[in-house]
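Colleague: I would like to learn how to read charged pairs, helices and cores in a model. Could we take them one at a time?

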Amino acid sequence: MNLADKNIINYIKKKKQEEETYWDFKNLNSKDSIYYAHSYPAKMVPDMQAELINIVLQNDSSIKNIFDPYMGSGTILIEGLCRNLDTIGIDINPLAYLMTLVRTTKISISLLRVKSDKLLNLINNTRNVKDFKFDGINKWFNDDIIHQLSRIRYCIMQENDILYRRVFWLAFAEIVRLANNSQKSTFKLHIKKQNIIESFQYDCIKNFSKQLEKDINSFDNLYRDFNIKNKTRVYLGDTIKVMSDKRKFRDCSVDLIVTSPPYGDNHTTVTYGQFSILPLRWIDINDIKSNMDNSILKTLTEIDKESLGGTNYSIDVIYNSNILKKSKTLSSTFDALVKAGEKNKARKVASFYIDFYNSCVELSRVLKKDKYAIFTIGNRRVNGEVVRFDLILSELLSTLKLKRIYDFDRNIPSKRIASKISRLKNNKPVYSIQTETTLIFRKRWERYSICIYNSKKCEK
């Protein structure tokens, strides 16, 4: 353990000694903040992540970039830019990509106000727009809402500048989410009762105007701390595939990793894809990313299928992967589920960790020697038993030259995710995680292992 490790640990301990609930961060940022302008599942706590980043920066002045391989709504990238760091992020979800891309691209606030006024005027004076259509639209949206959303969509597409169209699409996505017929108590798509649907009324145009104003104010506040000189690289796609491209991610090229990965496969934890799919169906996907492969949007669950753990591997594949040999905790969990007659659940758990481990192989490769990787994770339940992600993570990363320096738990006092994220077949609710664990790792130094970065040797 080096001096920086000790300083980081002592700071975390001191804050907890001074105030037992300090790391819970009960008092979050103002609702005017960029972080609260749009809904997204299981958001990170920006105040807490900012403090962790600050602690590391205070003890390592050589850090120039920060990387979040599962970036979600872009919390880490925003905090990095506000600290004059180059930022890198990846997500497979096109809505997360759009959200982060918009938030990390600085535009003119004055011009945004002019364009917003022009857009709203166009919406209010446009009539007889042909209703937009896609499979299932009449199930998820009432006729009047389809008319309103079609008007807004048509008018957004009249904007010539894609940077500002993206801002408008992001505001529009929030209105689509609020105006659809899915229950809001869960991230999965569950249709409301018919009598509720029939009585539901929502003024999309009025609320779109309010959302745009909210967004403009939040961007204006953000840009006061935003350094446009720093570079941002945001990638849409599978984390493993994107990172494995060594033209984009060279060996030993990342100074600091801060992230909160999924806690399990999306289908049985947080269905990020189902949460996002209806807004994505309304948005012109070419404005999200030109020549984007829209196959990931072909079904309501495709994003979740393509995410970590989305493929349920066979028992043979699981054993041949050696994932169970890399973690005693995972092996015990797997065996217990099989013994309980829950072989399919055991496969799902192991499948997630196969994918997750493969992404961590790339994370270890791109992280520089003696640099930190900070993970915030939760321990979910499977078949009523807790899956110790914190222990599994430490065991897996120890095989990749990442040494655990410290970890600590925190409560989640302000619910950033729904209290019930899904239901079992017997209709009993699956309750969301109430605590999180933050684990700090440092990449170990090995004298004879080297990699090449920018034509210079760097010890791994």
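Modeller: Start with a definition: a salt bridge is a side-chain nitrogen of Lys or Arg within 4 Å of a carboxyl oxygen of Asp or Glu. Keep in mind that this is a predicted model.

Colleague: How many salt bridges does the structure hold?

Modeller: The general idea is that side chains of opposite charge can pair when their charged atoms come close. In this structure there are 18 salt bridges. One of them joins the side chains of Glu 20 and Lys 16, at 3.6 Å from N to O. Glu 20 is exposed, with a relative accessible area of 58%, while Lys 16 is partly exposed at 29%.

Colleague: Which residue forms a salt bridge with Arg 113?

Modeller: Glu 213 does, and the closest N and O atoms are 3.7 Å apart.

Colleague: Is Arg 165 buried or exposed?

Modeller: Buried means under 20% relative accessible area. Arg 165 has 14%, so Arg 165 is buried. Its salt bridge is with Asp 287, where the closest N and O atoms are 2.7 Å apart. This pair links distant parts of the chain, with Arg 165 in helix H8 (residues 162–179) and Asp 287 in helix H13 (residues 285–288), 122 residues apart. Asp 287 also counts as buried, at 6% relative accessibility. Elsewhere, salt bridges that share partners join Asp 5, Lys 369, Asp 370 and Arg 442 into one network.

Colleague: Now a helix. What span does helix H17 reach from its first C-alpha to its last?

Modeller: Compare the span with the one expected at 1.5 Å a residue. Helix H17 (residues 328–339) has twelve residues and reaches 16 Å, close to the expected 16 Å. Just after H17, Gly 341 takes a positive phi of about 80°.

Colleague: Which residues of H17 are buried?

Modeller: They are Thr 329, Leu 330, Ser 331, Thr 333, Phe 334 and Leu 337. Their cover includes helix H15 (315–321), helix H16 (323–326), helix H18 (343–366), strand S6 (381–382) and helix H19 (389–398).

Colleague: Last, the cores. Which residues in the largest nonpolar core touch the most other members?

Modeller: In soluble globular proteins, nonpolar side chains tend to be buried together. Here the largest nonpolar core has 69 residues, and Phe 141, Leu 149, Phe 172, Phe 208 and Trp 282 touch the most other members. H8 gives the most to this core, with eleven residues. Take Phe 208: apart from neighbours within four places in sequence, its contacts include Leu 119, Leu 120, Ile 123, Ile 152 and Phe 172. A second, separate core of 46 residues includes Ile 318, Cys 360, Ile 392 and Phe 441.

Conventions
Residues are numbered from 1 along each chain as its sequence is written. This is a predicted model: local features need pLDDT of at least 70, side-chain atom pairs count only at pLDDT 80 or more; totals for chains, interfaces and linings use all residues. Side-chain values use heavy atoms; hydrogens and water are left out. Buried means under 20% relative accessible area, exposed over 50%, partly exposed in between (1.4 Å probe, protein chains only). Helices (H or I, at least four residues) and strands (E, at least two) are DSSP runs, numbered from the N terminus. The expected span of a helix is 1.5 Å times one less than its number of residues. Contact means heavy atoms within 4.5 Å. A nonpolar core is a set of buried Ala, Val, Leu, Ile, Met, Phe, Trp, Tyr and Cys residues joined through side-chain atoms within 4.5 Å.
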